Amino acid sequence: IKSVVSQNKTEGEEVGNKQRGGTSTIIKDSLSAYVKTSGTDHTGLGRWSWYLLEGKPGHFTYIITAYAPCGNKDSGDTTYFKQNERYIQANGLQTNPKTMFREDLLALLRWWRKAGRRVVLMMDANKNVEDGVMCRQLKGDDLKMREAVHHQVSGTAPKTFFRGSEAIDGIWVSSDLEILGVSYLPFDSSVGDHRPVMLDILLESLLGKRLNKVVPVKAR
């Protein structure tokens with residue numbers, strides 16, 4: 001098992017005993033052998049974490065987990081939104097947490113896609129996965145990413161936050177990855193308060209066709 005985690009490292013003990021936010025991306029079993037490198041959000045706010053996989057030489061795929069801030073200026077001081085807001089104020093930036101997250105993540109994804117990399121983005125978007133501002137931009141000609149559940153299944157998606165009313169969690173994949181199956185799971189199958197999203201991708205499209213294989217020893 002390999003895991004890369006991210007959390008807010010820009011503040012000290014003033015955040016309290018419970019620090020909201022952060023992400024983790026886990027690679028396990030045979031897939032872990034194809035990890036090239038990993039990384040996290042460059043700001044130190046813990047907004048995303050990622051792995052880069054390479055199977056066939058030159059066949060690269062990024063696996064990234066992201067958590068978009070929600071809330072507003074009236075949110076509590078310990079919230080993830082306020083953590084981002086304090087970072088903005090401390091660095092004299094002319095933006096807000098939601099806009100900064102959207103612009104920074106889209107810039108990273110565009111850089112990867114321009115380099116010809118494949119991308120799997122797992123995200124709590126805190127916006128409708130079809131109609132949200134950022135979610136619409138993921139479909140653009142420069143990224144060509146689609147939300148897997150809505151791409152495979154017609155109809156209205158269920159709410160993915162137990163107190164919510166719409167789907168705000170999803171998995172976006174670039175158009176050069178082949179989806180085999182996708183599903184929302186029930187709330188009670190998760191330790192959290194969000195509905196898990198499950199995706200099955202063709203391994204050859206993720207890693208390429210020339211994969212390392214275990215060669216059995218020939219019998220005498």
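Predicted model: local features only at pLDDT ≥ 70, side-chain atom pairs only at ≥ 80, totals over all residues.

Residues are numbered from 1 along each chain as its sequence is written, and side-chain values use heavy atoms, with hydrogens and water left out.

**The core**
- The largest nonpolar core has 42 residues; such a core is a set of buried Ala, Val, Leu, Ile, Met, Phe, Trp, Tyr and Cys residues joined through side-chain atoms within 4.5 Å.
- Helix α2 (residues 97-114) gives this core its largest share, six residues; helices here are DSSP runs of H or I, at least four residues, numbered from the N terminus.
- Among the residues with the most contacts inside the core are Leu121 and Trp172.
- Not counting residues up to four places away in sequence, Leu121 touches residues including Ile64, Leu105 and Trp172 (contact means heavy atoms within 4.5 Å).

**Arg113**
- You'll find Arg113 in helix α2.
- Arg113 is buried, with a relative accessible area of 13% (buried means under 20%, with a 1.4 Å probe and protein chains only).
- A polar atom of the Arg113 side chain lies 2.8 Å from the backbone oxygen of Arg117.
- Beyond four places away in sequence, Arg113 touches Asp142 and Asp176, among others.

How values were computed:
Buried < 20%, exposed > 50% of the residue type's maximum accessible area, 1.4 Å probe, protein only. Helix = DSSP H or I, 4+ residues; strand = E, 2+ residues; numbered from the N terminus. Polar contact = N/O pair within 3.5 Å; in protein donor to acceptor, adjacent residues only side chain to side chain.
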